[in-house]
Structures are given as C-alpha cells and as structure tokens.
Amino acid sequence: YIYVALFWMLLLLGFCCGMVFGDQNRSDPHDQRVFPVLSINYDYVQMPFEVSLWILLASLMKLGFHLLPVLSGVVPESCLLIVVGLLVGGLIRVMGKNPPVLDSQLFFLCLLPPIILDAGYFLPIRPFTENAGTILTFAVLGTLWNVFFMGAVLYGACRLEAGRLASVDLLSCLLFGSIVSAVDPVAVLAVFEEIHINELLHILVFGESLLNDAVTVVLYHLFEEFAHAGEVTVGDVFLGVVCFFVVALGGVLVGGVYGVLAAFTSRFTSHTRVIEPLFVFLYSYMAYLSAEVFHLSGIMALIACGVVMRPYVEANISHKSYTTIKYFLKMWSSVSETLIFIFLGVSTVAGPHAWNWTFVSITIVLCLLSRVLGVVGLTYIINKYRMVKLSGKDQFIVAYGGLRGAIAFSLAFLLSSDDFPMKDMFLTAIITVIFFTVFVQGMTIRPLVDLLAVKKRKQSKCSINEEIHTQFLEHLLAGIEGVCGHYGHHHWRHKLNRFNKRYIKRCLIGGERSQEPQLISFYNKMELKQALMLLESNSSANLSAGVTARSRKTLNISKEREEEIRKILRGNLQKTRQRLCSYSRHTLKPDAEDDDWSETRLRKQRVEMERRMSHFLTVPALPESPPARRARVESGEPLRSDQGSSLTAVFEL
Amino acid sequence: MGSFQSLPDDHQYRTLSQKTGFSLEQIAILHNRFKQLSQNEETLRRDDLKTIQDLESNPIRSQIIEAFFDSRNFQKDGVGSVEEIGFEEFLTVMSYFRAPPQHITEEQREEMRRAKLRFLFNMHDTDNDGTITLEEYRHVVEELLSRSGALGRETAKGIADAAMLEVASISVGPMAPDEFYEGITFEHFLKILNGVEIETRMNIRFLNMDATVLCK
C-alpha cells in the first residue's frame with residue numbers, strides 16, 4: 001500500500017505542476033534561422049489538455065480509492081474526493097497560482113446533466129409512484145418550510161447581532177435560505193449508494209432531492225428578481241406561486257415531449273444500430289437545455305425524459321446499444337460526480353472567504369433543526385394517508401439524509417455581488433454547511449444505520465416463485481379493488497397499463513415487437529446463452545462422472561437459468577415492471593458475453609437439463625415402482641417424453 | 001344512503017366489526033357495495049361478481065371469484081365451495097385485505113401474515129388436499145400468462161417446472177434419485193415467500209370508497 005500512497009503524491013505533484021506551468025506562455029519567439037526540430041506550442045492544446053488532465057486525475061483518484069478497501073469502508077468517497085480537492089487547491093496556491101473555481105456554467109451545463117440523466121433513466125418506477133405523494137410533500141412543503149424558517153430566523157439573528165450583519169436584509173436571508181435548504185441529489189446519491197439502505201427510504205430521500213429542484217429554481221429566481229427590483233407586492237407573491245406550477249409542470253412536459261420523440265426515433269433505427277445510444281443522450285440533453293432556456297426546471301425535464309422514453313427505447317434498440325447506454329451513463333455520471341467533489345475542494349481553497357462565526361454556526365444549527373422539524377411535522381400529516389407508516393427510525397434517516405451539495409454552491413456563486421454585498425459570507429457559510437453535511441453526516445450515517453438496525457436493501461435473490469407470487473398478488477389486488485368498487489392505486493395502474501399496451505406501444509415500438517411481450521426475444525437469447533455457458537462450466541465435471549454419481553447431488557438450478565425464467569416471466573406478465581436490483585454507481589450486473597458455442601455442447605446440455613428436470617418433477621398420474629423408475633433414469637432417457645419436448649420448446653425459443 | 005347510524009342492523013355491525021376488525025364506517029360502505037352487487041338481495045352469487053366490468057381484463061378473474069365462494073376462507077374447517085354467500089362471508093373475505101394496524105405485537109403481525117398467506121395458498125390449492133401440485137402450479141402460471149397468447153402452454157409449463165424445482169431445492173434440499181417432490185405444502189409456501197412482505201403489500205384502502213358514485 002505504501003507504493004499506492006507514493007504514487008498518489010507524485011501524481012498530485014505532477015498534476016499541479018502541469019496546471020501551473022500550463023498557464024504560462026511557452027511559445028518561443030521564432031527569430032532564429034535554425035529550423036526548429038522540437039518546439040513547444042502549449043496554447044494550441046491548452047483547453048482540451050487541461051480538461052483531460054482534470055478528468056484523468058479524477059479517474060485515477062477513483063481508482064486509487066478502490067485499491068485501499070480500508071479507507072473506502074469507513075469514509076464515503078465524496079469526503080475523500082473533497083479532501084483531494086483541498087490538497088490540489090492547496091498545492092496550486094503554494095505554487096503561486098490561483099486555483100480555478102467551480103464555474104457555475106460548467107457545472108450546470110456539463111457536470112450535472114449526466115448524473116441526473118443516470119438517475120432518471122434508472123429510476124425505479126414502482127417505488128417512486130407508490131410513494132409519489134410522500135415524496136412530493138417532502139419536496140415541496142418540506143423545502144418551503146425550510147426556506148422560510150431559515151430565512152426568518154436568520155434575519156432575526158442578524159437583527160439581534162448588529163455589527164457586520166446589520167446590512168443583511170430579509171430578502172437576502174430568504175434567498176440564502178432557498179439556496180441552502182435544498183437537498184442535493186449528487187450528495188445524496190454519493191452517500192446513500194454506499195450504505196445500501198432499504199428501497200423505501202432510498203427513494204424517499206432521493207426522490208425528494210430530485211423534485212425539490214423545481215421549488216429551488218422558482219424561489220431562487222423569485223428572490224433574485226425581488227432583490228433586483230427592490231419592492232415586493234402581493235401580486236408578485238401570487239405570480240410566484242403560479243410560477244412554481246409553470247416551472248414544475250413545464251419541465252415535466254418538455255421532458256415528456258422529448259422522451260416521446262426519442263422513443264419514436266428509436267423505432268426506425270434498426271438499420272443504424274451504431275448511433276442508437278447517441279439519440280438517447282442527445283434528446284435528453286436537449287430536453288435539459290430547452291427547459292433551462294425558459295427557466296423551467298431542467299432536472300425535472302431530464303427525469304421526465306428518461307422515464308418516458310425508457311420502456312419504448314429499450315424495446316426497440318439492440319442489446320449492444322442497451323449495454324452501451326448503460327455503461328456510458330454510469331461512466332459519465334461517475335466522472336461528473338468525482339469532478340464535482342474535487343472542484344468543491346479546490347474552490348474552497350480558491351474562493352474569497354468572509355468568515356463570520358455567528359452566521360455560519362447559526363446556519364448549520366438551523367439547517368439541522370429545520371430539517372428535523374420539517375420531517376417530523378410532515379410525517380405526522382403524511383402518516384394519516386399512508387398504508388405503510390413511516391416509523392421514527394425512518395424519519396430519522398430521512399432527516400439525517402438531507403445532505404447539501406454542489407448545487408447550493410453553484411447557485412450562490414451565480415449571485416451578483418452588486419445586489420448581494422454579503423455574497424462572500426454566504427459562500428463561506430454554504431461551503432461550511434456542505435462540508436458539515438458531507439463529512440459529518442456522510443461519515444456517521446453508516447454506523448448509525450447499523451446502530452439503529454434500519455432495514456437494509458434486500459439482497460436481490462429474487463426467486464422465480466417470488467416473482468410469480470408477486471405478480472399474482474398485484475392482479476389479485478386489482479381484482480379485489482374492482483369487487484369493492486374502489487378506484488384505487490391498483491385500478492389506475494391497471495388502466496394505465498392497458499392504455500399503454502393498446503395505443504402507445506403500437507406507435508412507439510417498431511414492427512412486430514409491439515405485439516409480442518417485448519422483453520422476451522432478446523432476453524431469451526441472452527439468458528439462454530448465459531445459462532448454457534454456465535451449465536457447461538458447471539456440469540462438465542458432472543457429465544464426465546456419468547449417471548452413477550448422481551446419488552446425492554444437490555439440486556442446483558443454475559442462477560442464470562433462474563434469471564432467464566425470471567426475465568421471461570417479467571416480460572410477459574401483464575405489468576412489465578423493470579426491477580433493477582442495483583442502482584449503484586460502482587457495480588453493474590454482468591451481462592452475457594456474445595460468444596459462440598458449439599452445437600454439440602448445446603445439445604448435450606439440453607439433454608442434461610431435461611433429464612434433471614424431468615427426473616425430479618413427475619406428474620404422479622401413473623405411480624411407478626421405485627426400481628422401475630431408477631432403471632429408467634439410469635438408461636439416460638427423459639422420464640416423460642412430453643415433459644422433455646416442452647423443455648426443448650423452451651430452449652428453442 | 002344516509003349515515004350509518006340510521007341503519008337498523010347496528011348491533012349486527014358491531015359483532016361483525018369485532019369479528020373482522022373493520023370499523024363501523026367501513027362495514028357500512030362495504031354493505032352498500034354488497035347490496036349493489038347482489039341487486040339488493042340477501043346473498044351474492046358468482047354471476048353477480050361476473051358482471052363487474054373491471055374484472056373482465058384481469059387474467060386471474062375466475063380464481064378471484066372462486067376465492068369468495070371457497071368455504072375455507074370463511075369457515076374454520078370449511079371444505080368445498082358454496083353457491084352463494086351472505087354479507088358476513090363477503091366481509092370475512094375482505095378482511096384478509098386489511099392493513100395491519102400501526103401498533104401490533106410481533107405475534108399478531110406474524111398471525112396476520114400467516115392468515116393472508118393461507119388465503120393465497122387456498123387460491124392455488126384448488127382441490128383442497130393441502131398441497132399445491134405441479135398441475136395446479138402450472139395452471140397458476142398459465143393463467144398469469146394467458147394474456148400473452150404468443151407464449152402458450154409450453155413455456156408456462158417450463159416456467160412452472162423450474163419454479164417447482166426451486167421450491168424443492170429450498171424446502172427439501174438435496175434429494176435422492178428415487179425421491180420425488182409431491183407438491184408445495186403450506187409450510188414450504190411460507191418459506192419461499194419469506195422475503196415478500198405480505199402483511200404490508202396485501203392491502204386495500206377501504207375508507208375512501210363511495211359506492212353510490214360507481215355504478216359498475
């Protein structure tokens with residue numbers, strides 16, 4: 001490990017040198033006659049060179065962390081990255097240059113969209129819609145409460161304090177409140193992904209962090225306008241409320257439109273498979289940018305686009321494109337996140353700071369206090385309408401998981417210094433809050449989760465039986481709701497699915513795939529290959545041992561076969577629910593390799609599979625005597641020919 | 001449909017409330033629905049349930065309707081199915097879909113879970129022999145896949161076979177070559193559905209219904 005640490009230090013040093021020297025002009029004046037065999041022209045490549053260098057640094061850091069399991073087990077990655085950023089910033093400053101600050105435009109236009117798209121595309125829809133009411137309540141009402149509570153109390157504190165804080169007026173406080181109150185999706189993702197908390201809590205906090213963007217955007221622009229204009233009327237406040245609805249719904253609408261366009265485009269890409277992923281990315285990015293043009297909520301547009309287009313696009317595109325999209329999204333969002341945290345560290349060293357003990361400490365205390373009060377109060381109301389109530393433990397995690405991050409910093413950075421003379425103080429306070437939440441809350445949440453014995457994410461050992469019975473249960477619930485005459489949750493979902501199947505899928509999914517259950521064809525092929533590959537590697541020993549060694553063999557249906565069956569099931573049952581087991585940044589489910597296999601091996605395994613299945617499952621219509629059955633088994637024929645043929649049919653799909 | 005205080009069978013409601021755990025308000029609402037379905041008669045028949053339009057697109061429609069008339073679900077040791085049911089039986093079947101109250105002990109929760117799983121088990125075990133055989137399981141999977149006609153019975157068989165194999169491997173473990181797996185007993189059923197939180201998922205919201213508005 002000492003080598004790794006040494007390597008890091010050298011890397012950091014070299015990087016900083018590169019940054020520093022890069023700023024200097026290195027082109028020599030060409031007044032000699034000698035032909036320059038070797039000359040340096042750094043200006044030509046400066047911009048891309050620096051960008052690549054930063055990204056390379058970020059990726060190498062990531063690599064380094066995972067080589068040291070001790071560290072990554074205790075400290076969340078985001079903390080380490082911020083520390084690295086601090087180091088880099090410090091080194092650059094030591095070398096006499098000014099470290100770069102996180103440029104807000106860069107952040108909002110380049111670094112944030114990949115993360116949000118990744119989150120939106122792989123958003124688990126089922127938990128999200130089931131808890132939509134709760135999530136919206138937390139996002140909207142919770143954020144509003146936080147903003148006004150913080151703004152008001154801060155204003156009161158500034159009034160009381162006098163001195164340097166006397167110039168902070170109510171509007172500035174409210175604006176500060178609106179910037180600092182919003183839970184940040186990047187930070188939440190970074191921390192929560194490592195603690196593997198149960199699905200419900202994950203989706204609550206994460207969903208809230210995504211949806212509160214609309215509130216934040218509206219309030220930010222609102223207060224900024226008011227501060228600029230100088231006076232507030234009742235009409236303005238009313239317009240603010242209207243603005244909120246416009247921003248939120250407009251964002252969703254823009255995202256939805258682009259999503260439908262993307263789905264429609266993907267219908268015709270069967271001859272140009274190579275650029276299929278590009279459409280997904282471009283349409284989503286366009287949705288984000290279009291929403292930003294009108295000051296609508298870009299995040300909501302991006303989420304809506306991803307959610308809308310996913311089921312249709314996945315039915316249309318090839319398997320390889322699907323893999324490409326998945327990997328590219330994970331890669332980009334991973335790099336973005338790393339860069340964001342590193343830049344946060346660097347900006348801390350760089351930015352002009354105005355430290356004020358009172359202001360900063362009150363801010364931190366208020367953040368925690370308002371969050372806790374907000375969550376507890378809202379949960380009390382929400383629990384009246386929920387079937388699965390949120391317990392005290394859940395509330396604690398939701399409150400504690402309200403992390404602030406780079407969005408708050410960037411928004412503060414965008415403030416103009418003329419309207420807000422206290423901008424530096426705000427920035428310092430925000431950075432302190434971010435550090436506090438990411439370091440203190442981020443580091444302690446894992447031991448707290450273990451201490452409170454909060455339910456962890458179920459290890460996705462989803463068996464076929466569970467799948468069958470869960471689907472059965474859903475139909476059952478929809479049916480019982482029909483008997484009750486109650487138009488509930490299940491009823492509407494049922495209706496939506498029927499509408500989806502009948503009309504929308506016809507338009508957006510190309511060719512004959514709109515008729516058949518969509519996942520079946522490529523999943524069949526993929527899982528089949530996988531199953532047989534694994535069978536071959538598993539049972540090559542068994543095959544050679546022959547039949548006699550089968551006396552006490554464990555009944556071992558291969559996991560991949562199980563996966564195959566599960567996917568077939570999921571693809572066909574009336575509600576095709578795409579349940580992704582892991583939305584972790586660091587792991588992806590392994591996909592099947594596209595290798596060839598020989599025909600003979602295929603046949604051998606088919607026979608073997610059939611034999612095992614048909615041996616252990618008999619339809620006891622004709623009870624046989626044990627010796628007769630054993631004899632039949634040892635001869636190697638399938639026990640019942642019709643069972644054998646049915647399994648052959650499955651394999652031949 | 002006035003408030004429930006003016007209804008004559010208030011005492012009856014109270015005994016029902018104690019038996020099934022519904023509140024008086026919920027019972028009144030369900031009673032209205034019952035009367036609507038049975039066209040104001042005292043008993044409900046299968047045909048009455050078949051008229052519900054919402055059920056028509058449901059793939060397991062027949063099994064749901066059967067569940068209402070299966071006497072195992074409303075009598076302690078009931079056997080077989082009946083032709084018509086009264087309001088009390090209707091309510092008893094509905095009580096399987098009540099949400100667990102917020103503060104109950106572990107045993108009560110476990111009991112509720114077992115009761116709900118028993119209901120599900122009875123739905124699959126149509127011949128009432130205490131086990132779900134391969135045929136019955138195949139039937140279940142076929143019904144579920146019935147809406148996607150492209151697949152047909154062959155795949156359903158394959159899937160049901162694989163599922164049974166899985167149950168066997170979980171519950172029974174390694175088997176000798178001359179053993180064969182008869183069927184899923186209730187204990188095995190409990191085991192394989194261990195990971196699914198039935199008591200929180202198998203619930204319907206009963207309070208927000210207004211049966212007068214919905215005429216289907």
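Reader: How many helices and how many strands does chain A have?
Author: Chain A has 25 helices and 0 strands. The model is predicted.

Reader: What share of chain A is buried, and what makes a residue count as such?
Author: Of the 653 residues in chain A, 55% are buried. The cut-off is a relative accessible area under 20%. The accessible surface of chain A is about 29,200 Å². Carbon and sulfur atoms hold 67% of that area.

Reader: What share of the contacts in chain A joins residues at least 24 apart?
Author: The share is 85%, counted among contacts between residues at least 6 apart in sequence.

Reader: How do you know what span to expect for helix H14 of chain A?
Author: The rule is 1.5 Å times one less than the number of residues. H14 covers residues 319-350 of chain A and has 32 residues. The expected span is 46 Å, and the helix reaches 46 Å from its first C-alpha to its last. The model is therefore close to the expected value.

Reader: Why is H14(A) called mostly covered?
Author: In H14(A), 25 of the 32 residues are buried. Each of those 25 residues is therefore under 20% relative accessible area.

Reader: Why is A:Trp145 called partly exposed?
Author: Its relative accessibility is 37%. Buried requires under 20%, and exposed requires over 50%. A:Trp145 lies in between, so the label is partly exposed. This residue sits in helix H7 (residues 132-161) of chain A.

Reader: What makes A:Trp145, A:Val365, A:Leu369 and A:Leu373 a nonpolar patch?
Author: Patch members need over 30% relative accessible area and no salt bridge, and nonpolar side chains are joined within 5 Å. At 37%, A:Trp145 is over that area cut-off. The four residues have about 370 Å² of accessible area together.

Reader: Which helix gives the most to the nonpolar patch?
Author: Helix H15 (residues 357-382) of chain A does, with 3 residues.

Reader: How many salt bridges are there over all chains?
Author: A search of the whole structure finds 14. Side chains of opposite charge can pair when their charged atoms come close.

Reader: Why is the pair A:Lys62 and A:Glu77 called a salt bridge?
Author: The closest N and O atoms are 2.8 Å apart. The cut-off is 4 Å, so the pair counts. A:Lys62 lies in helix H2 (residues 42-67) of chain A, and A:Glu77 in helix H4 (residues 77-94) of chain A. The pair therefore ties together parts that are 15 residues apart in sequence. Both A:Lys62 and A:Glu77 are buried.

Reader: How do you know that A:Arg126 and A:Glu130 are separated by about one helical turn?
Author: They are 4 residues apart in helix H6 (residues 125-130) of chain A.

Reader: What makes B:Glu66 and B:Arg46 a link between distant parts of the chain?
Author: Their closest N and O atoms are 2.8 Å apart in a salt bridge. B:Glu66 is in helix H4 (residues 61-68) of chain B and B:Arg46 in helix H3 (residues 46-50) of chain B, 20 residues apart. B:Glu66 is partly exposed at 33% relative accessibility. B:Arg46 is buried, with a relative accessible area of 15%.

Reader: Which residues do salt bridges with shared partners join into one network?
Author: The network joins A:Arg126, A:Glu130 and A:Glu474.

Reader: What is the confidence in chain A, and where is it lowest and highest?
Author: The mean pLDDT is 75, and 71% of the residues reach 70 or more. Helix H25 (residues 641-651) of chain A is lowest, at a mean of 37. Helix H12 (residues 276-293) of chain A is highest, at 92. Over residues 618-653 of chain A the pLDDT is below 50. That stretch has 55 contacts beyond near neighbours in sequence.

Reader: What is the confidence in chain B?
Author: Chain B averages a pLDDT of 75, and 82% of its residues score at least 70. Helix H8 (residues 152-171) of chain B has the lowest mean among the elements of the chain, 73. Helix H6 (residues 106-124) of chain B has the highest, 85. Over residues 1-7 of chain B the pLDDT stays under 50.

Reader: What are the ipTM and pTM of the model?
Author: The ipTM is 0.87 and the pTM is 0.73.

Definitions and conventions: Residues numbered from 1 in each chain as written. Chains lettered and ligands numbered in written order. Predicted model: local features only at pLDDT ≥ 70, side-chain atom pairs only at ≥ 80, totals over all residues. Heavy atoms only, no water. Patch = residues over 30% accessible without salt bridge, like charges linked within 9 Å, V, L, I, M, F, W, Y side chains within 5 Å. Areas by Shrake-Rupley, 256 points an atom, 1.4 Å probe, with all protein chains shown as cover. Salt bridge = Lys/Arg side-chain N within 4 Å of Asp/Glu carboxyl O. Helix = DSSP H or I, 4+ residues; strand = E, 2+ residues; numbered from the N terminus. Buried < 20%, exposed > 50% of the residue type's maximum accessible area, 1.4 Å probe, protein only. pLDDT = per-residue confidence, 0-100. Contact = heavy atoms within 4.5 Å.
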